[in-house]
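Q: Here is the model I would like to go through with you. Please start with the terms you need for naming its parts.

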Amino acid sequence: MRLVSVQKCFSFVFQKDSKTRSIMAQSSGSNTGKKLIRIDVSSDSVCPWCFVGKRNLDKAIAQAKDQFDFEIKWHPFFLDPSAPKEGVSKREYYEKKFGSRTQGILARMTEIFRNVGLEYDMSGLTGNTLDSHRLIYFAGKQGLDKQHALVEELYLGYFTQGKYIGDREFLLESARKVGVEGAAEFLENPNNGVKEVNEDLEKYSANISGVPNYVINGKQQLSGGQPPEVFLRAFQVAAK
């Protein structure tokens, strides 16, 4: 399995050292007559700024839905490819990583989450996110709306309910909530989706500078938990 090694940075974006690569795509009109905005999102399931960015993106889309149609695709990124599958305490993990800065970082994230209507929960475990990315890929095969809804459920569980992103029951519960069928059978085989996740990683996320990362109609690239107004401006520019 080929996973890109990354260096985590708890800042406005999670970054790794690499050159930024633009990802080109073609935009087109939609059946409604409104211009179509295609958004490719690279993220990791344990990235708090990715959840904040998603909430702000959703808010921007709600404000612009009368002007545009949207197609959103989620792509994998691994903040820590070597994270253990069995999971480790979130708080211990952050204390080991950030040392004396941990409390300040957590206080800041708590404040930021409250600004988007969420309560940041540091309980539970953190660890390997491969199975979550396999499931996100699988959901996308059943519809991008299901994929988008699944990402929301995974973020909600992990960041606000103390759920472990590697827990099979949590993954299946999230899949059931958004109507993804066959998830148990798919995840049962550990090889299912790995090839596709790695191909997606290589195509969209191997050389980006951080997550969350957004490419809009192949023309604009944004990073970090951007506020809704930044997305709205990007939609207007991309539609021209």
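A: Helices (H or I, at least four residues) and strands (E, at least two) are DSSP runs, numbered from the N terminus. This is a predicted model, in which local features need pLDDT of at least 70 and side-chain atom pairs count only at pLDDT 80 or more, while totals for chains, interfaces and linings use all residues. Residues are numbered from 1 along each chain as its sequence is written, and side-chain values use heavy atoms, with hydrogens and water left out.

Q: OK, how many helices and strands are in the protein chain?
A: The protein chain has nine helices and eight strands.

Q: And what share of its residues count as buried?
A: Of the 240 residues, 51% count as buried, where buried means under 20% relative accessible area, exposed over 50%, and partly exposed in between (1.4 Å probe, protein chains only). The accessible surface of the chain comes to about 11,200 Å², with 48% of that belonging to carbon and sulfur atoms; such areas come from the Shrake-Rupley method with a 1.4 Å probe, and for residues only the protein chains shown count as cover.

Q: Let's go to β7. Which residues does it put on each side?
A: Asn-213 and Val-215 are on one side of β7 and Tyr-214 and Ile-216 on the other, and all of them are buried, so both faces of the strand are covered.

Q: Which way does β2 run relative to it, parallel or antiparallel?
A: β2 and β7 run antiparallel and are joined by four bridges, two strands being paired if DSSP finds at least two bridges between them. Ile-216 of β7 is the bridge partner of Ile-39.

Q: What does Ile-216 stand opposite in β8?
A: In β8, Ile-216 stands opposite Gln-220. β7 also pairs with β8 over four bridges in the antiparallel sense, and the two strands form a hairpin with three residues between them.

Q: Switching to helices: which residues of α9 are buried?
A: In α9 the buried residues are Pro-228, Val-230, Phe-231, Ala-234, Phe-235, Ala-238 and Ala-239. Seen down the axis of α9, they fall within an arc of 160 degrees, so they line one face of the helix; the arc is that of the directions from the helix axis to the C-beta atoms.

Q: What covers them?
A: The cover includes α1 (48-64), along with strands β2 (35-43), β3 (68-76), β7 (213-216) and β8 (220-223).

Q: How does the span of α9 compare with what you'd expect?
A: The twelve residues of α9 (residues 228-239) should span 16 Å at 1.5 Å a residue, and its end C-alpha atoms are 17 Å apart, which agrees. The expected span is 1.5 Å times one less than the number of residues.

Q: And how about α1?
A: Its 17 residues should span 24 Å at 1.5 Å a residue, and the end C-alpha atoms of α1 are 25 Å apart, which agrees. α1 is mostly covered, with twelve of its 17 residues buried, including Trp-49, Phe-51, Leu-57 and Ile-61.

Q: New topic: where does Asn-128 lie, and is it buried or exposed?
A: Asn-128 lies in the loop between β5 (125-126) and α4 (130-141), and Asn-128 is buried, with a relative accessible area of 18%.

Q: What does its side chain reach?
A: The side chain of Asn-128 reaches the backbone nitrogen of Leu-130 at 2.9 Å. Not counting residues up to four places away in sequence, Asn-128 touches Pro-81, Ala-83, Pro-84, Lys-85, Tyr-164, Ile-165 and Gly-166.

Q: Last one: what about Phe-77?
A: Phe-77 is in the loop between β3 and β4 (88-89), and at 3% relative accessibility Phe-77 counts as buried. Phe-77 and Thr-129 are 52 residues apart in sequence and 9.1 Å apart in space, C-alpha to C-alpha.

Key:
Contact = heavy atoms within 4.5 Å. Polar contact = N/O pair within 3.5 Å; in protein donor to acceptor, adjacent residues only side chain to side chain.
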